[in-house]
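Have a look at the fold, and then let us walk through it together.

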Amino acid sequence: MAKLVLNTTTDLMKVPARAGIQLHDGRSGTVEENMGDGQWLNVEFEDGEVELVHSQDIKEVHEPE
């Protein structure tokens with residue numbers, strides 16, 4: 001899986017569905033939907049929980065396989 005390190009120049013609008021994501025708190029999951037506002041992603045975590053994740057909580061984004 002290619003690693004995209006999220007930084008201040010990463011365009012969250014370009015993160016596709018099925019991309020892998022890791023948060024600063026250590027949780028990881030899969031993008032279910034990009035809300036298209038450049039701030040929020042709908043993410044399903046490994047435990048099946050789905051929640052909206054804000055851009056400031058994202059550590060890494062990985063391209064979908």
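## A strand residue and its surroundings

Glu51 lies in strand β5 (residues 50-54); strands here are DSSP runs of E with at least two residues, helices are runs of H or I with at least four, and both are numbered from the N terminus. This is a predicted model, in which local features need pLDDT of at least 70, side-chain atom pairs count only at pLDDT 80 or more, and totals for chains, interfaces and linings use all residues. Residues are numbered from 1 along each chain as its sequence is written, and side-chain values use heavy atoms, with hydrogens and water left out.

Neighbours within four places in sequence aside, Glu51 is in contact (heavy atoms within 4.5 Å) with Arg27, Leu41, Asn42, Val43 and Phe45. The side chains of Glu51 and Arg27 are joined by a polar contact of 3.2 Å; such a contact is a pair of N or O atoms within 3.5 Å, where within protein one must be able to donate a hydrogen and the other to accept it, and residues adjacent in sequence count only if both atoms are side-chain atoms. Between the C-alpha atoms of Glu51 and Trp40, eleven residues apart along the chain, the separation is 9.9 Å.

## Strands and hairpins

The protein has six strands and zero helices.

| Hairpin | Residues between strands | Turn glycine and phi |
|---|---|---|
| β2 and β3 | four residues | Gly26, about 95° |
| β3 and β4 | five residues | Gly36, about 80° |

β2 runs antiparallel to β3 (residues 28-34), with three bridges, and Ile21 stands opposite Gly29. Five bridges join β3 to β4, also antiparallel, and here Asn34 has Leu41 as its bridge partner.

## The nonpolar core

Twelve residues make up the largest nonpolar core, including Val15, Ile21, Leu41, Val43 and Phe45; a core is a set of buried Ala, Val, Leu, Ile, Met, Phe, Trp, Tyr and Cys residues joined through side-chain atoms within 4.5 Å. β4 gives the most to this core, with three residues. Setting aside neighbours within four places in sequence, Val15 is in contact with Val31, Asn34, Leu41 and Val61.

Methods
Buried means under 20% relative accessible area, exposed over 50%, partly exposed in between (1.4 Å probe, protein chains only). Two strands pair if DSSP finds at least two bridges between them.
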